[in-house]
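Please read them with the sequence and the structure side by side.

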Amino acid sequence: MPELPEVETVRTGLAPAMEGQVIARATVNRPDLRWPFPDRMAERLTGARIERLRRRSKYILADLDRGESLLIHLGMSGRMTVSGDPLGQFVHEHPAAEKHDHVVFDMANGARVTFNDPRRFGAMDLLPTATAELHPLLANIGPEPLGNAFNEDYFVAAVRPRRSPIKSVLLDQKLVAGLGNIYVCEALFRAGIAPTRRADRIAPQRLAALVTIIRDVLSEAIVAGGSSLKDYRQADGELGYFQHSFDVYGREGDPCRTPGCGTAIRRVVQSGRSSFYCPQCQR
């Protein structure tokens, strides 16, 4: 499932072709993805200008000049790719239509944005822009980890009372938005904290240090274009590259990269998800 860095990379890749531009024609090729599309979605999008592209957690929001916002979730295999961009930042030729091209946006500037989703776990919805934060998918999401509201005081106060493993706590979207399995594993490694350690047994100073570490991991991943493990692609069709920098994720049995360590990376299953860590460096 794409996490915050992948979604942010897609958003920034789409912006040159879509932000401030008119959707000349929206084409919807099936009635649903994970859930049914909103009524008359193609009609409501055609002719609308996208005033702003933004991200909330793992969702992309396109604010339209008609007072509505298009909410987009990539799901497990969703990709949004751009072709024909007159700015010359993408492939100029529009590719032939593929079987799983479920939604296509032909922009007035000549760009085409295609949403392709073989597994159909993605989603799109139209909602009033003024009350977007009240949408069921957005209403209970915590602060953005790269925003000012995610700070040491907030984080320590929110995490310290929790008796669950710190890995599970960090994956709680009500606590902090957009964190997923990959980047939580990487952040905990840098912090020297075992994913199985109970949150209420971690010193406040160590919890406070996690704030900067989480920001650093996410920022580095965004610069690298995210992590491509299976289906993820950037908006220009390229892979992300942060997976080449993983310290622990997916490296079970490999030696720890900390100088002088070399301990084999271990994998444990927590709430149905794999956690990777170094048993020597993380306590």
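1. A residue is called buried here when its relative accessible area is under 20%. By that cut-off, helix 5, which spans residues 181-191, is mostly covered, with ten of its eleven residues buried. This is a predicted model, and the points that follow should be read with that in mind.

2. The buried residues of helix 5 are Asn-181, Ile-182, Tyr-183, Val-184, Cys-185, Glu-186, Ala-187, Leu-188, Phe-189 and Ala-191. Their cover includes helix 1 (4-18), helix 4, helix 6 and strand 10 (273-277). Directly after helix 5 comes Gly-192, which has a positive phi, near 70 degrees.

3. As to the protein as a whole, the secondary structure consists of six helices and ten strands, and 51% of the 283 residues count as buried. Among contacts with a separation of 6 or more, 64% are between residues 24 or more positions apart. The accessible surface is about 12,700 Å², and carbon and sulfur atoms make up 48% of that surface.

4. Lys-167 deserves a careful look. Lys-167 sits in helix 4 (residues 166-170) and is buried, yet it has no salt bridge. The nearest side chain of opposite charge belongs to Glu-3 and is 8.8 Å away, whereas a salt bridge would require the charged atoms to be within 4 Å. What the side chain of Lys-167 does have is a polar contact of 2.6 Å with the side chain of Ser-275.

5. Which residues surround Lys-167, if those up to four places away in sequence are not counted? Lys-167 touches Asn-181, Val-184, Cys-185, Leu-188, Pro-195, Gln-270, Ser-274 and Ser-275. Of these, Asn-181, Val-184, Cys-185 and Leu-188 are also listed among the buried residues of helix 5.

6. On the cysteines, the structure holds zero disulfides. Cys-261 is in no disulfide, and the nearest cysteine sulfur, which belongs to Cys-281, is 3.7 Å away; the cut-off for a disulfide is 2.5 Å between the sulfur atoms. Cys-261 counts as partly exposed because its relative accessibility is 25%, while Cys-185 counts as buried because its relative accessibility is 2%.

7. Ile-222 lies in helix 6 (residues 204-223), and, leaving aside neighbours within four places in sequence, it is in contact with Leu-4, Pro-5, Glu-8, Thr-9 and Leu-146. Even with these contacts, Ile-222 counts as partly exposed, because its relative accessibility is 24%.

8. Arg-40, in the loop between strand 1 (23-28) and helix 2 (41-45), has a positive phi of about 55 degrees although it is not a glycine. Ser-271, in the loop between strand 9 (266-270) and strand 10, likewise has a positive phi, near 50 degrees.

9. Are these two residues buried or exposed? Arg-40 counts as exposed because its relative accessibility is 52%, and Ser-271 counts as exposed because its relative accessibility is 71%.

Technical notes:
Residues numbered from 1 in each chain as written. Predicted model: local features only at pLDDT ≥ 70, side-chain atom pairs only at ≥ 80, totals over all residues. Heavy atoms only, no water. Helix = DSSP H or I, 4+ residues; strand = E, 2+ residues; numbered from the N terminus. Buried < 20%, exposed > 50% of the residue type's maximum accessible area, 1.4 Å probe, protein only. Lys, Arg positive; Asp, Glu negative; His and termini not counted. Polar contact = N/O pair within 3.5 Å; in protein donor to acceptor, adjacent residues only side chain to side chain. Contact = heavy atoms within 4.5 Å. Areas by Shrake-Rupley, 256 points an atom, 1.4 Å probe, with all protein chains shown as cover.
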